Amino acid sequence: MTGRRIAVTGTVQGVGFRPWVYRVARELGVAGRVRNDDAGVVIDAFAAEPVLEAFVARLGVDAPGRVRTVAWQPLGDAAPGQFSIDTTSAGGAVTLSIPPDLATCPTCLAEVADPTDRHFAYPFTSCTYCGPRFTIALALPYDRPATTMAGFPLCPACAREYDDPDDRRFHAQPIACPACGPRLALEPAGPGDPLADAAALLRGGHVVAVKGLGGYHLACDATDAAAVAALRLRKRRDAKPFAVMVADLAAAHRLAVLTPADVALLTSPERPITLAARRADAGLADGVAPDTPVVGLFLPYTPLHQLLLAAVGGPLVLTSGNVTDEPIAQHDDDARARLAPLADALLLHDRPIATRCDDSVARVVAGAPMILRRSRGYVPRPIALARPVPRPVLAVGAHLKNTFCLAHGDAAYFGPHIGDLDDALALEFFAEAIERMERLVRVRPEVIAHDLHPDYPSTRYALARGGVTHVGVQHHHAHVAAVVAELGLRGPVLGLAWDGTGLGTDGAAWGGELLEVDGADCARLATLRPIALPGGDAAIRQVWRIALALVDDAFAGAPPLAELPVFAAVAAGDLRVLRQMIAGGLNTPPAHGVGRLFDGVGALVLGRTRSAHEGQVAMALNHAAAGDHGAYPLPIERGAAPWQLDHRPMVRAIVADVLAGCAPAVIAARFHRTLVLGAATLVRAALVERGPRPIVLTGGCFQNPLLAEGLVHELADLAVYLPRAAPPGDGGLALGQALVATCLDERKLTSCV
Ligand code: ZN
Ligand code: ZN
Ligand code: FE
């Protein structure tokens, strides 16, 4: 008989790993013990050599959770008589082994639906395989006293299950039942059961705030136009679509046309809001997702949501519980203060939320899921780094759709979605979430990576932290590096980074970049011909200004303004002043962002003068496109370095189409096709110059499936990669910042510039 001490890392706590090890050990006749430690799970195993081999092999094959590494060393201790689970744990190491929150498992759902089960209709039912994890964890190791369930002592029935290694609830930290667990309360209280009363209010057209896993939602009947309009008004939300929760897959099929890949994403344990093609006859109120053919659907991921949807009997708008641009509430007092004015009632419970964690958003793009917002269900599952970081690094992200990333060893942990860092509340949440992640991973960053933009609140936060090396990383370099890090790509890559804006190393706003990226090195091979932004950032909301700059440039200062509908809605005086600004180069910073080209062309084609939120007009142009109608010219100007994609011939052709009364659907389709062909030509030209390279497509523009799928198709003979686990937009930026900062730091450099 020989002994081994086996260390297992990965997502191996809170997933039923130890009971599984216990069962396998008994089955194979292995003696010893298993326990959690801060790095994962440690097994002392004693048996004959071939049995130990078989035992170790099983760990890598069918263990629950996600095993990342299995390592062992010989153990000289005397073998115990049997196998046991050691429930004490010691501190020390530093791999975060808490899983994300897990959607309710089928077994728990069946119990909740079974009138003879003691969990019948209980909204907080969970087990080893499901339930809250990250949003209730206060510290490591992940044991009940270190969670927000600490205040709920187990009743005898729950304690029996918790202590029985053969039970599904053995050492499941969040378990509870009606006798011992959290309870619902409706404020103001109704006549009966809180859940039934809340459902009645929702059916009656009221707005109810609902406390969930990682925050509060505002809910209303998704088929009730008046209720949806009231919610929109109270939340001060412009045209941004609301997400819709449906009771089950059948209900989802009634609202959207779902491919098998959509269904897989929708029903995945992460339960993201899944963007899918809305059915015209879906019966949803128009206000749910105005002027988009897409709807964001998700399925219940807690018994509370399951019970609520069943009680209401129809789809619910479920949108984060905040006033637009503020972070979601975390505590009941905060929720009462902030949400009471927005909701007619609050459905609360007494299990505290350890950290806020918004719903995630994903979409199937080019045949596979692309995470657009990485948060609940995914966080804190680490992204494995092919190249470990020698010093722990915190990357603070950008300004909009902020997330941060803490990388340590070969693991990169994204924090939850923070949102736009525009106000004090968001910044507070940002700093708190970073502090908590550092505590959970037990790591103090030695390097802090930030964007080159000095005015981003994230940059200011980074620079204010002392005792660390600060490293500035160029925005699009980071976008490309995020994909390199996520997919473990090797060597130099060609990265097409198309987004709205990001500060370049020359001080200009970039965003139509073709970069060659190799670790700390980044060469700018090509960009988009700059567009003058008259009035700077004001042009991003008043998109007619960008349209004006585009036509002014395309027609060399003599555009046919009078005939273009978009300018009819603009005061003549404004037009005159803006044209003077463009002619004189006065407060008209050049912008290379493809997002700006979308804004300007969208304004021209759709006749829209304003964008209510970043990307609104761009998305409308995407949704307007229909059919295959060929493309406009988009030549590459190779005379200068970097090369430029020259949009002037295209803009002239678009103006001709608009003047000819061509349908917006046709022009929008041609515009997309133009970008796809232009990008493909550009990439192939660069490959000729630079030699074979993997191609990375990233930046917020590649959330647009027409663009992403078109280009993947056009470059089908090449190795082309899209971001998958890290969002293509600024929500994924931090991962790339971490990688580039590490490479720069190894050369003792503190900036890309
Ligand atoms: Zn379960
Ligand atoms: Zn109980
Ligand atoms: Fe960006």
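In the predicted model of the protein, 71% of the contacts (heavy atoms within 4.5 Å) between residues at least 6 apart in sequence join residues at least 24 apart. Residues are numbered from 1 along each chain as its sequence is written, and ligands are numbered from 1 in the order in which they are written. Because the model is predicted, local features need pLDDT of at least 70, and side-chain atom pairs count only at pLDDT 80 or more.

The protein has 23 helices and 29 strands, assigned as DSSP runs (H or I, at least four residues, for helices; E, at least two, for strands). Its radius of gyration, taken over C-alpha atoms, is 27 Å, close to the 27 Å that the globule rule (2.2 Å times the number of residues to the power 0.38) gives for 753 residues, so the protein is as compact as a globular protein of that length. Of these residues, 59% count as buried, that is, under 20% relative accessible area with a 1.4 Å probe, protein chains only.

Asp-499 lies in strand S21 (residues 493-503), whereas Asp-730 lies in the loop between strand S29 (720-721) and helix H23 (733-746), so the pair ties together parts that are 231 residues apart in sequence. Both Asp-499 and Asp-730 are buried.

How values were computed: Side-chain values use heavy atoms; hydrogens and water are left out. Buried means under 20% relative accessible area, exposed over 50%, partly exposed in between (1.4 Å probe, protein chains only).
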